[in-house]
Structure formats: C-alpha cells, structure tokens
Amino acid sequence: MSSTRRDVLKWAAGAGGLAAASVLGLPSTATAASWSARSWMGQLSNSVPVTKLTIPGTHNTCANSGISIAKCQDWDLLTQLNNGIRFLDIRLNGLQGSSNEMGLYHGNVFMKKRFQDVLNDCDYFLRSNPKEVIIMRIKNENAGGQALGAEEFRRRFNWYLDDPSMHFRPLFWTIPAWPTLGQARGKVVLLTDFSHDWTVLKWDDHCKVQDKYNVPDDEKKKAIVDWFDAAWFDQTTSQMFINFTSTAKGPIPEPSIGAQKIFPSVYAYLEPRKAQRARFGIVPMDFPNYRPDIMNLLIDKNFV
C-alpha cells in the first residue's frame, strides 16, 4: 500500500513519524555520528549520490560587502567552507576595466571579489580537504552597468575554464548527471543558471527549487516546510531538491532581520526529526552564522 500525503506529514517526532518512516522503508531512529565541519563529506561512503544528501548552502554566497542592504552573509567564502557550507550561489557580472574577467555581484552592487578569487578559494579548500565536494550555481546576474549579454557571459566563463592564465576546467565536474560522492570528491560540481547549449547540469532541468523570497513571512515559512516534506516524500527523483530559506520581503532595515525571522521555523521543523533518517537536498541560507544549531542539524541528517 502506498503512503498518502497524510501519512507523509505524520513523519514528525513520535509514533506517527516512526510509522511513516517504516512505510517508506527508512530507518526510524539513529544517532548522528561525530563529524568535522571542514571534512564532513569525507566520512560518508563513496557510493552515496549527492542528490541523497542534506547539504547546507548559502544564498548569494559572496554578498558580504558593499552597501548594507545588499549583504546576505557575514562569513567570507573560506569561512563558509570551513564551517560546512557545500553549496555556493555565485552571481556574476562583468568587471570594470577588464575585457575577460567577471566579478561577484548582488544585483548591481559589486562585492569586491573577482570570480578567479572564488575559484582559487575553492581550489585551495579542496586541495586541503580532497574528500569534499562543492556544488556551485553560476548565475548571470545581468544587472547594472556591468551587465553581460548571454553570448559574452558564455565567452567569459569559457575563458576561465580554458585560457592558460586561468585554466580552471580541471576543477569542475561538468558531466550532465549528478555524481556520487566518490565520483566528485575534490571537485566543484558545476550547476549552470545562464543561457547556453552546453551538455552540463542545468539549474532549471536538474533541480527542484523553492525560492519564494518576496512573500509574507508566513507564506515563506510554509513554503520551506512544504519543500522539506516534498523532498522527504520523493525518494526516487534524479533531480536535486533546493530549498531557499532566504527572504527579501521588505522593508527590512537590516538584512539579517529577515533571516532571524525565518530561522526559528526551520529549527522547529528540523529539531523534532533529528533522529529520523531523511534527505532534504540543498538548503541555502542567509547569515547561517546566526544559527549554527541549524547547520549542525542539516549536516547530522547525513549520518542518521
């Protein structure tokens, strides 16, 4: 007998949750293993598909400088990686004064970081932690005076991959299927969110995304919970679930206030289920440093 939606929603803590886990053949309880934030993926089996993981990430990963309203993070990139973040949301425009380079932006606000700095940081981290995997969304921000058309964006991205002065292609996993951990260790899994006809993983084709951000708080909280439930219920998909907790419903005088309004509902969902096996896919956040307990709950899921 297949499980109904009502069965699925019973999977929370208590008898209903144990029954639902049993219906889907999942272990109902376990104790999370100890892990290091810098190397938590290295403690998992090579055979695990990355789509079967719960992966903490950041929304607008490098938006940690510039005007305050554009900030989404306090941690810089290496600090994020060292604290367990494994999904990066990288948004690019052109770089003033350069015919090939791209810079990190939030809208039209330059984040004082070049794309090659991001790649160098990732390369350094993965060389130091060769069993880890980074998933990187590349988005054409297409905003402001440094906006790039589709053809120019593609050309510049290829320059980073193939020009002898850069030559970052070996850093990337570019096969158009989600890898296992063993296949991708030491690599950046490229996830493209810009116009092209390349045979690689694509944001719209290979992901199931919840990214409601300009909605009332209650609607955003419900969307997050619904997407957690959807990820748990759909165990067979070959796509990656992505559940953004970030919000931009204004006016928000300080960007971190949005995160602080949403985080309690995320914790309220995850904490009662901490001993039950699940995979929630990628969970990108603003200001994850405000709630390291949520970071821990997400990573713990991979060890239940």
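Reply: One aromatic cluster is formed by Phe-115, Phe-153, Phe-157, Trp-159, Tyr-160, Phe-172, Phe-194 and Trp-198. Rings of Phe, Tyr and Trp (its six-membered ring) pair if their centres lie within 6.5 Å, and planes under 30 degrees apart count as stacked, over 60 as edge-to-face and the rest as tilted. Before we go on, note that this is a predicted model, in which local features need pLDDT of at least 70 and side-chain atom pairs count only at pLDDT 80 or more, while totals for chains, interfaces and linings use all residues. Residues are numbered from 1 along each chain as its sequence is written, and side-chain values use heavy atoms, with hydrogens and water left out.

Me: How many aromatic pairs does the structure hold, and why is the pair of Tyr-105 and Phe-110 given the name that it has?

Reply: A pair of aromatic rings is described by the distance of the centres and the angle of the planes. The structure holds 16 aromatic pairs. For Tyr-105 and Phe-110 the ring centres are 5.3 Å apart and the planes stand at 40°, so this pair is tilted. Tyr-105 is buried, with a relative accessible area of 6%, whereas Phe-110 counts as partly exposed at 32%. Here buried means under 20% relative accessible area, exposed over 50%, and partly exposed in between (1.4 Å probe, protein chains only).

Me: What share of the protein chain do buried residues make up, and what does its secondary structure come to?

Reply: Of the 304 residues in the protein chain, 51% are buried. The secondary structure comes to ten helices and eleven strands, where helices (H or I, at least four residues) and strands (E, at least two) are DSSP runs numbered from the N terminus.

Me: Is strand β5 enclosed or open, and why?

Reply: Strand β5, residues 134-140, has seven of its seven residues buried, so it is largely enclosed by the rest of the structure. Both of its faces are covered, with Ile-134, Met-136, Ile-138 and Asn-140 buried on one side and Ile-135, Arg-137 and Lys-139 buried on the other. Two strands pair if DSSP finds at least two bridges between them. By that rule β5 runs parallel to strand β2 (residues 87-94), with six bridges joining them, and Asp-89 stands opposite Arg-137 in β5. The pairing of β5 with strand β7 (residues 188-193) is also parallel, over six bridges, and there Leu-190 is the bridge partner of Met-136.

Me: Which members of the largest nonpolar core touch the most other members?

Reply: A nonpolar core is a set of buried Ala, Val, Leu, Ile, Met, Phe, Trp, Tyr and Cys residues joined through side-chain atoms within 4.5 Å. The largest one has 57 residues, of which Ile-90, Phe-115, Met-136 and Ile-138 touch the most other members. Apart from that core lies another, of 26 residues, including Val-50, Val-133, Leu-201 and Ile-242.

Me: Which residues is His-206 in contact with, leaving aside its neighbours within four places in sequence?

Reply: Contact means heavy atoms within 4.5 Å. With those neighbours left aside, His-206 is in contact with Pro-176, Trp-178, Val-200, Leu-201, Gln-239 and Met-240. His-206 is found in helix α7, residues 203-206, and counts as buried at 19% relative accessibility.

Me: What does the count of disulfides come to?

Reply: A disulfide is a covalent bond between the sulfur atoms of two cysteines. When it is taken as a pair of cysteine sulfur atoms within 2.5 Å, the count comes to zero. As for individual cysteines, Cys-72 counts as buried at 3% relative accessibility, and Cys-207 is buried with a relative accessible area of 7%.

Me: What is the phi of Lys-112, and what is that of Phe-287?

Reply: Most residues other than glycine have a negative phi, and most peptide bonds are trans. Lys-112, although it is not a glycine, has a positive phi of about 60°; its place is in strand β4, residues 109-114, and it is exposed, with a relative accessible area of 65%. Phe-287 also has a positive phi, near 50°, but its place is in the loop between β11 (281-285) and α10 (292-300), where Phe-287 is buried with a relative accessible area of 3%.
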